[in-house]
Amino acid sequence: MNVTTRHRTGTAPAALLTVDGLAHLYWAPGATWPAADERTLSPAVLGTEVSFGPPVVLPPAALTLTGAAAVLAHSRGRGGPVTRLVTAAVAAGLAVRGLAGLGWATGRPSVSVATTTPVASCALPSARTTPVPPVLRRQPSSAA
């Protein structure tokens, strides 16, 4: 892989993780965008009612910002085995979250990692308890 491609493939996920981390930092002092208040923010973002106080949003902010720094450093050839390990952990975490999202979106618990993997179940409690929106539910076919 040439240097430009390596930089780009590291910069894109690092930028997304940074935006995610900054959103969590934005919510820490009590800001509620994109909702009107905290009570409507939680269901809009997570699909369930959860506090968005600092003890809840600061750990994910720290994890995503640390992950962003490690991914960016690894894509630049810096940090050695530590950044390689953190980058692999970020990739694994995103893969697990993606599979859980597919299971949630299709309404099929057998596809949802959150219902079949104890680690994912602990890390992603909203994935196992969030109801599937009516728009995404399969409609029964009407056989004549």
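Student: At what angle do helix α1 (residues 3–27) and α3 pack, and how far apart are their axes?

Tutor: Two packed helices are described by the angle between their axes and the distance between the axes. Here, in what is a predicted model, α1 and α3 pack at an angle of about 165°, and their axes lie 8 Å apart.

Student: OK, how do I put that angle of α1 to α3 into words?

Tutor: Angles over 145 degrees count as roughly antiparallel, so α1 is roughly antiparallel to α3. The crossing of these two, α1 and α3, is left-handed.

Student: And which classes of residue make up the contact of α1 with α3?

Tutor: The contact of α1 with α3 divides into 14 nonpolar residues, 10 polar ones and two charged ones.

Student: Which residues of α3 and α4 meet?

Tutor: On the α3 side you'll find Gly67, Ala70, Val71, Ala73 and His74, and they meet Thr83, Arg84, Val86, Thr87 and Val90 in α4. Sorted by class, the contact of α3 with α4 has five nonpolar, four polar and one charged residues.

Student: Now a single residue. Where is Thr64, and is Thr64 buried or exposed?

Tutor: Thr64 sits in helix α3, which covers residues 54–75. For burial, look at relative accessibility: under 20% means buried. Thr64 has 12%, so Thr64 counts as buried.

Student: What does Thr64 touch, leaving out residues up to four places away in sequence?

Tutor: With those left out, Thr64 touches Leu17, Asp20 and Gly21.

Student: What about nonpolar cores? Which residues make up the largest one?

Tutor: The idea is to look for buried residues of the nonpolar kind joined through their side-chain atoms. The largest core has six residues in all: Trp27, Ala28, Ala35, Leu41, Phe52 and Val57. There is also a second, separate core of five residues, including Ala14, Ala68, Val71 and Val90.

Student: Back to Trp27: what does Trp27 touch, not counting residues up to four places away in sequence?

Tutor: Click on Trp27 and look around. Trp27 touches Thr32, Trp33, Pro34, Leu41, Val45, Phe52 and Val57, with those sequence neighbours not counted. Among these, Leu41, Phe52 and Val57 belong to the largest nonpolar core along with Trp27.

Terms used. Residues numbered from 1 in each chain as written. Predicted model: local features only at pLDDT ≥ 70, side-chain atom pairs only at ≥ 80, totals over all residues. Heavy atoms only, no water. Core = buried A, V, L, I, M, F, W, Y, C linked by side-chain atoms within 4.5 Å. Buried < 20%, exposed > 50% of the residue type's maximum accessible area, 1.4 Å probe, protein only. Contact = heavy atoms within 4.5 Å. Helix = DSSP H or I, 4+ residues; strand = E, 2+ residues; numbered from the N terminus. Nonpolar A, V, L, I, M, F, W, Y, C, P; charged D, E, K, R; others polar. Axes fitted to C-alpha atoms, helices over the stretch in contact; angles between N-to-C directions. Parallel < 35°, antiparallel > 145°, perpendicular 65-115°, else oblique. Left-handed = near helix turned anticlockwise from the far one by under 90°.
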